[in-house]
Amino acid sequence: MEVEVKVRLPDSTSHQKLSTLLSPFHTKTLLQENVFFDGSDSQLSSNLAVLRLRFITITATTTNHCVLSLKAKPVISQGISRAQELEEPMDPTLGRACIAEPWRLLSVTDSVIVERVKQEFGVSGLVCLGGFRNVRSVYDWQGLKIEVDETNFDFGTCYEVECETDDPERDKKVIERFLEDNGIGFEYSQVSKFAVFWSGKLPL
């Protein structure tokens with residue numbers, strides 16, 4: 001189970017102000033490309049499941065990664081997100097091939113995720129849904145791993161703060177207090193980035 005604090009920033013000015021305040025605690029910046037898949041008969045989306053390939057480049061290095069993930073039964077309430085999640089590394093070259101030819105993903109034989117997609121959800125064919133890009137700045141602050149996102153959709157840009165945690169109520173209060181003390185507006189995130197992508201419009 002993945003548990004995260006998620007709060008949405010109103011605009012690029014707030015994002016820049018927060019990034020500047022946290023800059024002494026910066027550890028890395030990740031360039032993420034997220035690509036999503038569904039069963040040919042919508043078996044995943046109809047069961048509130050999301051299959052994603054994420055391509056990750058760590059800036060200032062030549063390191064590239066690809067991660068296959070399956071998220072299911074997401075619930076977001078009062079700025080706290082909970083979802084079942086499985087993740088596996090994947091060769092980036094194979095990942096790119098799966099975007100062009102989604103059937104290749106179901107042909108991967110050593111993947112727990114692929115087997116679950118086929119067996120639990122009854123998927124025998126996949127379609128690529130497209131996706132979005134995200135710039136994630138990571139900070140080690142007050143014992144928390146703070147991730148500040150700038151997410152670029154075809155229809156606009158969102159700004160969000162995430163923090164994976166074992167004690168979401170406590171850590172949410174710490175983050176809220178920091179934002180409030182520094183005059184940075186925020187709202188609780190109501191939906192996932194995938195839900196925003198799938199809706200085709202930015203949250204109000």
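These legends walk through several close-up views of a predicted model.

Residues are numbered from 1 along each chain as its sequence is written, and side-chain values use heavy atoms, with hydrogens and water left out. Because the model is predicted, local features need pLDDT of at least 70 and side-chain atom pairs count only at pLDDT 80 or more, while totals for chains, interfaces and linings use all residues.

View 1. Residues 1–201 are 26% helix and 46% strand, and their end C-alpha atoms lie 28 Å apart. Helices (H or I, at least four residues) and strands (E, at least two) are DSSP runs, numbered from the N terminus.

View 2. Let us start with helix α1 (12–22).

**View 3. Ser19 up close.** Ser19 has its place in helix α1 and counts as buried because its relative accessibility is 13%. Leaving out residues up to four places away in sequence, Ser19 touches Tyr139 and Val148; contact means heavy atoms within 4.5 Å.

**View 4. The second largest cavity.** A search of the whole structure finds two cavities of 30 Å³ or more. On a 1 Å grid over the protein atoms alone, a cavity is a set of points where a 1.4 Å probe fits but cannot get out, and lining residues have an atom within 4 Å of a point. The second largest cavity holds about 40 Å³ of space, a volume being the space filled by probe spheres set on grid points that are joined across faces, edges and corners. Leu18 and Leu22 are among its lining residues, as are Trp141 and Val161. Helix α5 (168–181) is one of the elements that supply at least two lining residues, and α5 gives the most, with three. By class, the lining has eight nonpolar, no polar and no charged residues.

**View 5. The largest cavity.** This cavity has a volume of about 120 Å³. Its lining includes Arg8, Phe153, Glu160, Lys193 and Pro203. At least two lining residues each come from β7 (144–153), β8 (156–164) and α6 (193–199).

**View 6. The largest pocket.** About 740 Å³ of space lies here. A pocket is an open set of points with protein on both sides within 12 Å along at least five of seven lines. Of the 34 residues that line the largest pocket, Glu2, Arg52, Arg54, Lys71 and Arg136 are the closest to its centre. Strand β4 (residues 64–77) brings the largest share of this lining, six residues. The lining divides into 11 nonpolar, seven polar and 16 charged residues; Ala, Val, Leu, Ile, Met, Phe, Trp, Tyr, Cys and Pro count as nonpolar, Asp, Glu, Lys and Arg as charged, and the others, Gly among them, as polar.

Note on methods:
Buried means under 20% relative accessible area, exposed over 50%, partly exposed in between (1.4 Å probe, protein chains only).
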